[in-house]
Amino acid sequence: MSVGSFLRRSYPEPEWIIDDLIPARGLASLAGAPKAGKIMVALAISVAAASGQTVLGRGTRQARTLFMAEEGRGVFLQRRIDTLTANLPTNVNETPPPARRLELLLDVPLEVSVELGRARMSIQDLLNLSP
């Protein structure tokens, strides 16, 4: 298909959890250098989705949210979640309350690999390659 044909096609507007950032259906990923704040951004997005609050200047559709973290993040996550949820409005009639819409799956050992052509290597080995 040519680019011109593609651009003339009509597609339905997707539904969003975070406006124009995270679709209600599909997959989103967050990547960056070590210590760049990826976990804090991911937690902020998760808390916003669970509570229906704005995040990164964008509107949010409230949804149950699962935050999955690798092992060894307990105290770090507790502090961040306390900070992010401290000022959430509370409505005693709301079931479940916003903070309860955020679920955690902790200590998940992840083994991720990438296949380049016919070579398999771990993400860490891939990142250690130099030009």
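The protein has 4 helices and 6 strands, where helices (H or I, at least four residues) and strands (E, at least two) are DSSP runs numbered from the N terminus. This is a predicted model, in which local features need pLDDT of at least 70 and side-chain atom pairs count only at pLDDT 80 or more, while totals for chains, interfaces and linings use all residues. Residues are numbered from 1 along each chain as its sequence is written, and side-chain values use heavy atoms, with hydrogens and water left out. Read from the N terminus, the elements go α-β-β-α-β-α-β-β-β-α.

On to the overall picture. Of the 131 residues in the protein, 18% are buried; buried means under 20% relative accessible area, exposed means over 50%, and partly exposed is in between (1.4 Å probe, protein chains only). Among contacts (heavy atoms within 4.5 Å) with a separation of 6 or more, 56% link residues 24 or more positions apart.

Next come the nonpolar cores. A nonpolar core is a set of buried Ala, Val, Leu, Ile, Met, Phe, Trp, Tyr and Cys residues joined through side-chain atoms within 4.5 Å. The largest one has 9 residues: Leu43, Val47, Ala50, Phe67, Ala69, Leu77, Ile81, Leu88 and Leu102. Two elements, α2 and α3 (74–85), each give two or more residues to this core, and α2 gives the most, with 3. There is also a second, separate core of 7 residues, including Ile45, Ala48, Ala49 and Val55. In soluble globular proteins, nonpolar side chains tend to be buried together.

Ala48 sits in helix α2 (residues 38–51) and is buried, with a relative accessible area of 3%. Setting aside neighbours within four places in sequence, Ala48 touches Gln53, Thr54, Val55 and Thr60. Gly59 lies 11 residues from Ala48 in sequence, and their C-alpha atoms are 9.1 Å apart in space.

Finally, there is the meeting of α2 and α3. Their axes come within 10 Å and cross at roughly 45°; axes are lines fitted to C-alpha atoms, for helices over the stretch in contact, and angles run from 0 to 180 degrees between N-to-C directions. That makes α2 oblique to α3, since angles under 35 degrees count as roughly parallel, over 145 as roughly antiparallel, 65 to 115 as roughly perpendicular and the rest as oblique. At this meeting, Ile39, Met40, Leu43, Ala44 and Val47 in α2 contact Phe76, Leu77, Arg80, Ile81, Leu84 and Thr85 in α3.
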